[in-house]
Amino acid sequence: MSDSSPDRPAAPVLDVWCELQCPDCRSALDDLRALRARYGDRLELRLRHFPLEKHKHAFAAAQAAEEALEQGQGWQYVEAVLGRVEELDRKGEPFLVEVARELGLDAEEFDTALVDGRHILIVDADQAEGKAIGVTGTPTYVIGGERLDGGKSQEGLRERIEEIADRLLAAPR
């Protein structure tokens, strides 16, 4: 999921390998909001899906996030689901449709997308790429070719991401 626009020069990319049923990813939301506020469109934030087997609704949640992106509210949806991880644990897929309805998205289309699996290939591709570059847990960040693992601790990660982003932004393009 990307905020990029073809009309501006390529911004540095921060790939955020995330799972929507992950409490650590919920903890990372404040850092992501701060990064978006600081850099705006000078840093491209891309959500990359890495559903973990231990969370039974994570794969469906990743597909739902892609449907939300298609309907124009990708990050809003991701933040809404991550903010209520316990409800996703309890309610499962009906909760994903409920959040879509709350955000004014086409809930019936969400339901259909979860049934027909139209976004499975995107989620599978993200997961395969993540495994290929050594992602083992979430959240994991990749910026400027550096992988930063946030699954153990978020401590100091935002500062490290900012250092790398500042360096990339200062480099001639």
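**View 1. Arg48 and Asp126 meet in a salt bridge.** In this predicted model, the N to O distance between the two side chains is 3.0 Å. Arg48 lies in strand β2 (residues 44-49) and Asp126 in helix α7 (residues 120-132), so the pair ties together parts that are 78 residues apart in sequence. Arg48 is buried, at 9% relative accessibility. Asp126 is buried too, with a relative accessible area of 8%. The pair belongs to a network: salt bridges with shared partners join Asp15, Arg46, Arg48, Asp126 and Glu129.

**View 2. Arg38 pairs with Asp166 in a salt bridge.** The closest N and O atoms are 2.8 Å apart. Arg38 sits in helix α1 and Asp166 in helix α8 (residues 157-170), so the bridge ties together parts 128 residues apart in sequence. Arg38 is partly exposed, at 40% relative accessibility. Asp166 is also partly exposed, with a relative accessible area of 32%.

**View 3. A salt bridge joins the side chains of Arg33 and Glu79.** The N to O distance is 3.0 Å. The pair links distant parts of the chain: Arg33 belongs to helix α1 (residues 23-39) and Glu79 to helix α3, 46 residues apart. Arg33 is partly exposed, with a relative accessible area of 37%. For Glu79, also partly exposed, the value is 22%.

**View 4. Helix α3 (residues 74-82) is largely enclosed by the rest of the structure.** Of its 9 residues, 7 are buried, which is why the helix counts as largely enclosed. The buried residues are Gly74, Trp75, Tyr77, Val78, Ala80, Val81 and Leu82. Glu79 of α3 is partly exposed.

Conventions
Residues are numbered from 1 along each chain as its sequence is written. This is a predicted model: local features need pLDDT of at least 70, side-chain atom pairs count only at pLDDT 80 or more; totals for chains, interfaces and linings use all residues. Side-chain values use heavy atoms; hydrogens and water are left out. Buried means under 20% relative accessible area, exposed over 50%, partly exposed in between (1.4 Å probe, protein chains only). Helices (H or I, at least four residues) and strands (E, at least two) are DSSP runs, numbered from the N terminus. A salt bridge is a side-chain nitrogen of Lys or Arg within 4 Å of a carboxyl oxygen of Asp or Glu.
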